[in-house]
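Colleague: I would like to go through a structure with you, one question at a time. Please show it first.

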Protein chains: 2
Amino acid sequence: MESVPNFSEGRRRDVIDRIVEAARSVADVRLLDLHSDEDHNRSVLTLAGEEGPLSEAVFRSMATATELIDLRGHSGEHPRVGATDVVPFIPLMGATMKDAVGAAEALGRRVAEELQIPVYFYEEAARRPEHQNLEAIRRKGFEELREVIGTDPDREPDLGPRAVHPSAGAVVIGARGPLIAYNIYLGTADLAVAKAIARRVRHSSGGLRYVKALGIDIPARGQVQVSMNLTNYRRSAVHTVFDMVRSEAAAYGVAVTDSEIVGLVPMEALIDAARFYLRLHDFEPKQILESRLMSSE
Amino acid sequence: MESVPNFSEGRRRDVIDRIVEAARSVADVRLLDLHSDEDHNRSVLTLAGEEGPLSEAVFRSMATATELIDLRGHSGEHPRVGATDVVPFIPLMGATMKDAVGAAEALGRRVAEELQIPVYFYEEAARRPEHQNLEAIRRKGFEELREVIGTDPDREPDLGPRAVHPSAGAVVIGARGPLIAYNIYLGTADLAVAKAIARRVRHSSGGLRYVKALGIDIPARGQVQVSMNLTNYRRSAVHTVFDMVRSEAAAYGVAVTDSEIVGLVPMEALIDAARFYLRLHDFEPKQILESRLMSSE
């Protein structure tokens, strides 16, 4: 399983190091990625391992963040409600979404009890439909939540105290599928074309259910880009998005020159694309040599 | 890395079992497949592991075969020169062809010294261009080789004694890429179309360098099939083959209905197809989450 905890510290190197150290102090958990942003004043760890060690690593990093980050003196462009702001669990390979929801719930209970931090569950772990969307929980952030958490029933946490932790705030824990950051480059410098295609392809304006999209200018290449987040590649597939953008672009007489995946992608998303284009109707994932090597005997 | 040793015994179950046991006696080596053929009187093991343990497992299985198989009393349809007849090493995932050639050479030295069996290197490990082709080494088999090995300079082994082992013969060791068995179904029952397309796509009649192809009737589906072996998917890619067959079929007004991979396929072959169709020019294999999880830190 994978977990991607987001911490409200992107500037003080020593604090970030101690949070990372806490996560790495657990054997059999791997730090796949660390991304710190000074403007956002935020760091994002990507951790992977079996559920038990992974949850322990996340908990230790949260305990360290609770100790070292004080939101009362924190500023940054990114919205946040907690020192540890958001913790998604993501099922990989053999694991199911149910496993990830279970991991989120177990971590939430421990955080509420041992760290005395109010916990909200989101996405697949949400206990209220309106909490599926992270932004509906976070809204205007720590400074607002601190005032209303004890009085507004809509802002009541799912677990833990009905008051924010004085310095560490609250935390949003949940389970979701892997995100894919996917960009498609167009053979034009006309930003209006990229924006029009983004509107067609994204969910919010009538497009695919699990696609967020923007039209973006890339002056260094003299091209524009449809920049996307695919939030559920099993339901809104990479190849579906690619063919849709290509078809929309063709209506403007514009070609797709290439596409790019930013960061990591689950093997399955690319295998699904190969299956689609090669029309491999009866293909089984166990036919992939490397899957066979990874599976237990 | 993978190795697929071929043994000249496909009938005596106890002998096959002891060869398999010898291979399995090494920790961290996995038996992915065992295929025994009575008509061919031959068994093929598919083993995978890190180079050290894998080579040890292959060596132990060869030592057992040397002890238990006597070619002087062996008959079968399949050509063979040795009790252990052929041993290819196949690089997987992080490994390179150079690693596989290195494994073949190291095993060859050990076999020549410790088992006193003459060794020929083939395919990517060949020391003479005419030895790239296995059949050019094996020719008419053990009975012929036994007579000419000491006198014909063309049949001189690369390592070891200049006489066959009295009972176990000789062995051909080498390195090659993985084979992919790939079939494409056409939307017609006209076998002539499948045969014409097979001629276009296969190397032997002017097609792609690493493709073998036949047109085959599949009465159960009321369709015909272009049945292929891709002997080097890095150079003659699955997607190149698919698009070529589709294009040739279109010239007959025939559609490709679907395709199938028989048995195992390296992940890279499908990832390459996804990269091609999605135009992912700058994609790196390390962006695949599962590759990252498997690689060492």
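Colleague: Is strand β6 (residues 119-123) of chain B largely enclosed or open?
Modeller: This is a predicted model, so what follows describes a prediction. A residue counts as buried if 20 or more other C-beta atoms lie within 10 Å of its own. In β6 of chain B, 5 of the 5 residues are buried, so the rest of the structure leaves the strand largely enclosed.

Colleague: Which residue of β7(B) is the bridge partner of B:F121?
Modeller: β6(B) pairs with strand β7 (residues 171-175) of chain B in the parallel sense, over 5 bridges. In β7(B), the bridge partner of B:F121 is B:I173.

Colleague: In which order do the 4 strands of the open sheet in chain A come?
Modeller: Strands of a sheet pair through backbone hydrogen bonds, either parallel or antiparallel. In this open sheet of chain A the pairing is antiparallel. The order of its 4 strands is β9-β10-β8-β11.

Colleague: Which strands stand at the edges of that sheet?
Modeller: An edge strand here has a single partner strand, so one side of it is left without a neighbour in the sheet. Neighbouring strands of the sheet are turned by 20° against each other on average, direction ignored. The strands at the edges are β9 (211-218) and β11 of chain A.

Colleague: How many residues of strand β8 of chain A are buried?
Modeller: β8(A) covers residues 180-186 and pairs antiparallel with β10 (residues 223-230) of chain A over 7 bridges. With β11 (residues 256-262) of chain A, β8(A) also runs antiparallel, joined by 6 bridges. The strand is mostly covered, and the number of buried residues among its 7 is 5.

Colleague: At what angle does helix α6 of chain A run to β9(A)?
Modeller: Helix α6 (residues 191-201) of chain A lies across β8, β9 and β10 of chain A. Its angle to β9(A) is about 175°.

Colleague: Is B:V193 buried or exposed?
Modeller: B:V193 lies in helix α6 (residues 191-201) of chain B. Leaving aside neighbours within four places in sequence, B:V193 is in contact with B:L186, B:T188, B:V224, B:Y252 and B:V254. There are 21 other C-beta atoms within 10 Å of B:V193, so the residue is buried.

Colleague: Which residues touch the most other members of the largest nonpolar core?
Modeller: In soluble globular proteins, nonpolar side chains tend to be buried together. Among the contacts of A:V238 are A:I180, A:Y182 and, from the other chain, B:L278. The largest nonpolar core has 81 residues, and those touching the most other members are A:V238, A:V241, B:L230, B:V238 and B:V241.

Colleague: Which element gives the largest share of the side of chain A that touches chain B?
Modeller: In the contact between the chains, 37 residues of chain A meet 37 residues of chain B. Elements of chain A that each supply at least two residues to this side include β3 (30-37), α7 (238-250) and α9 (289-294). By class, the side has 24 nonpolar, 5 polar and 8 charged residues. The largest share, 7 residues, comes from α8(A).

Colleague: What relation do the two chains have to each other?
Modeller: Chain A is superposed on chain B by a rotation of 176° with 0.1 Å of shift along the axis, at an RMSD of 1.0 Å. The same surface serves both copies, as 100% of the contact residues of chain A recur in chain B. In chain A, A:A274 comes closest to the rotation axis, at 2.1 Å (C-alpha). The relation is that of a two-fold axis.

Colleague: Is A:D28 buried or exposed?
Modeller: Most residues other than glycine have a negative phi. A:D28 has a positive phi, near 70°, and is found in the loop between α1 (13-24) and β3 of chain A. With 12 other C-beta atoms within 10 Å, A:D28 is exposed.

Colleague: What does A:R279 count as, by its C-beta neighbours?
Modeller: A:R279 also has a positive phi, of about 55°, although it is not a glycine. A:R279 lies in the loop between α8 and α9 of chain A. With 17 C-beta neighbours inside 10 Å, A:R279 counts as partly exposed.

Definitions and conventions: Residues are numbered from 1 along each chain as its sequence is written. Chains are lettered from A and ligands numbered from 1 in the order in which they are written. This is a predicted model: local features need pLDDT of at least 70, side-chain atom pairs count only at pLDDT 80 or more; totals for chains, interfaces and linings use all residues. Two strands pair if DSSP finds at least two bridges between them. Two residues are in contact if their C-beta atoms, placed from the backbone, lie within 7 Å. Ala, Val, Leu, Ile, Met, Phe, Trp, Tyr, Cys and Pro count as nonpolar, Asp, Glu, Lys and Arg as charged, and the others, Gly among them, as polar. Axes are lines fitted to C-alpha atoms, for helices over the stretch in contact, and angles run from 0 to 180 degrees between N-to-C directions. A nonpolar core is a set of buried Ala, Val, Leu, Ile, Met, Phe, Trp, Tyr and Cys residues joined through C-beta atoms within 7 Å. Copies are superposed by least squares on the C-alpha atoms of residues with pLDDT of at least 70 in both.
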